[in-house]
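Subject: Structure for your files

Hello,

Please find the structure below, followed by notes on what was found in it.

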Amino acid sequence: MLQVKNLTYKVMENGKEVTLLRDISFDVQDGEMLVITGPNGGGKSTLAKVLMGLVPATGGEIWLDGQNLTQLAPDERAKAGIGYAFQQPPAFKGMTVERLLNLAAGQELPEKTCCSLLGNVGLCAREYLKREVDATLSGGERKRIEIATVLAKKHKLCIFDEPEAGIDLWSFSMLVKQFEQIHQEKDQSLILISHQERIIQMADRILIINDAKVEQCGNREEMMNVLFEGQPACVCMKERSED
Amino acid sequence: MEWNKEELDAITRQVLAQIDTDNFGKEGAYNLRYNGTSVCHGDTEHIKIKRKTDRQGIDVYISKEAQREQVHIPVVLAVPGMTDVVYNDFYIEEGADITIVAGCGIHNAGCDNARHDGIHAFHVGKNANVRYEEKHYGEGEGTGEKILNPVTEIELEEGAVFTLDTAQIRGVDSTVRKTKVTMKDNARLYVTERLMTHDAQTAVSDIDVEMNGAGTNAQIISRSVAKGTSRQNFHPRAIGNAACHAHIQCDSIIMEQAQVASIPEIDARHVDAAIIHEAAIGRINDEQIMKLRTLGLSEEEAENVIIENFLQ
């Protein structure tokens, strides 16, 4: 189980302290799927980066299965059981897709397994295995390879930062199936940062982040009413609070 | 002195393992040059190696019947203070298909410099297909420098294809590489140069490609990593004297206090010459490091993986 307690992240901008995450607390149960959504610039991707250790928390704690991860580096968090898919994955000159998948799996994978991983994210596998993960691949292709790197290994918790971004509709449907399958197997927890209704509808629980803080969190049924009343979530929240 | 290739000493084996990963001629013709002397060689039905009589070196004759065959001609230098200059000429007949594995490794355990200048000339017949692999490597605890100065001259007849794959792995204190290629109609050239320098090493690489025939096509890719206080200087030059295509790409990773200068030059002398160059020098991207760290690699491991793959 992931427990996030009073997580805060502040940076200095032009000599002023700016709070990008304010006192965020939530948890994710084993096998649970949590979708984090909310307006652009609200702090969702920053939260994902802090969870993975890509940027250091200024305050608060992150626990996974009883282990305090707050001060750990990203590689130590990976070893503790977190997988992370970047919203905009980097290119690697000279690194083949196959090599990247092997690194992600922590072992030499049989070619058949690599092909299967790529096939599951909508890539015609054999064409890609020996290709370099460089600028010759489109953003959408790199994004799908990025997701495959997280799927290459079982994790306690997988974090996907806007997995739908830059992906065509056909591939998106395949991704949704992947997430559904992981969710059904119940042996990995999922945090998906998304604006996509189809992904939000898969969630066990939904967390809305706005203006650097948790605006609302609840189970799917109650949060779907909040989110899809035809108004942006934050407006909806405001009106509710005014009621 | 004639050696049996099964009876090499430990240092020679160790150096050969670095520069000839096919384990020194399991197949094909071969010639091993050791401390300035050709110590063992073998021919095949289609490949004949002859020692020069007027100067140091060999002439390698590859007949048109040679199809997907190999020649291994490694050089090992293990004597401090020695300067070994060798001239190797390759005569490749029309239509032959050959892989030539060369390379030089220096083991220097002394305080005097050890230097090898390998001057190679390739005369490639019409429609022949040549792959030339050359690895350079230095080792040894001595304070003497390991110096390698290769000169490679390639003449491509009509329709010939030449793949030049060079790698300087590590341990070479100083290198000046000179490569000159002339191309006739429809000849194709693929150059991949990979180079790593560290500590206070220096490397200079000049590549001149003259596309003299219509329909010629040249691709030059150079990838390098400079660490420590090392210095690298690249000057690939493509000259289009006819309707031709050429692409030069130089990418370098710079680290610590190293210096890299990359000066691609394109020179079109025909209205249908299409020549492109790209050059980039930069440090390792932080996002690449971060991505690999999310896969469980430490910062140092991530850096090594990025460099290793970049130079693949």
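In chain B, the axes of helix 2 (residues 286-293) and helix 3 (residues 299-310) come within 9 Å and cross at roughly 115°. Axes here are lines fitted to C-alpha atoms, for helices over the stretch in contact, with angles running from 0 to 180 degrees between N-to-C directions. The crossing of these two helices of chain B is right-handed (the near helix is turned clockwise from the far one; left-handed is anticlockwise by less than a right angle). On the helix 2 side, Gln288(B), Ile289(B), Leu292(B) and Arg293(B) meet Glu299(B), Ala302(B), Glu303(B), Val305(B) and Ile306(B) of helix 3. By class, this contact has 5 nonpolar, 1 polar and 3 charged residues. Nonpolar covers Ala, Val, Leu, Ile, Met, Phe, Trp, Tyr, Cys and Pro, charged covers Asp, Glu, Lys and Arg, and the others, Gly among them, are polar. Two residues are in contact if their C-beta atoms, placed from the backbone, lie within 7 Å.

This is a predicted model, in which local features need pLDDT of at least 70 and side-chain atom pairs count only at pLDDT 80 or more, while totals for chains, interfaces and linings use all residues. Residues are numbered from 1 along each chain as its sequence is written, and chains are lettered from A and ligands numbered from 1 in the order in which they are written. Helices (H or I, at least four residues) and strands (E, at least two) are DSSP runs, numbered from the N terminus.

On confidence: chain A averages a pLDDT (the predictor's confidence in each residue, from 0 to 100) of 90, and 94% of the residues score at least 70. Over residues 231-243 of chain A, pLDDT stays under 50, and the model has 14 contacts beyond four places in sequence for that stretch.

On strands: strand 3 (residues 47-51) and strand 4 (residues 57-62) of chain B run antiparallel, joined by 5 bridges (pairing needs at least two bridges found by DSSP). A hairpin of 5 residues links them, and Lys50(B) has Asp59(B) as its bridge partner. Strand 4 of chain B also pairs with strand 7 (residues 83-92) of chain B, in the parallel sense over 6 bridges; there Tyr61(B) stands opposite Tyr91(B).

On phi: Asp199(B), not a glycine, has a positive phi of about 50° and lies in the loop between strand 16 (188-197) and strand 17 (202-211) of chain B. Most residues other than glycine have a negative phi.

Regards
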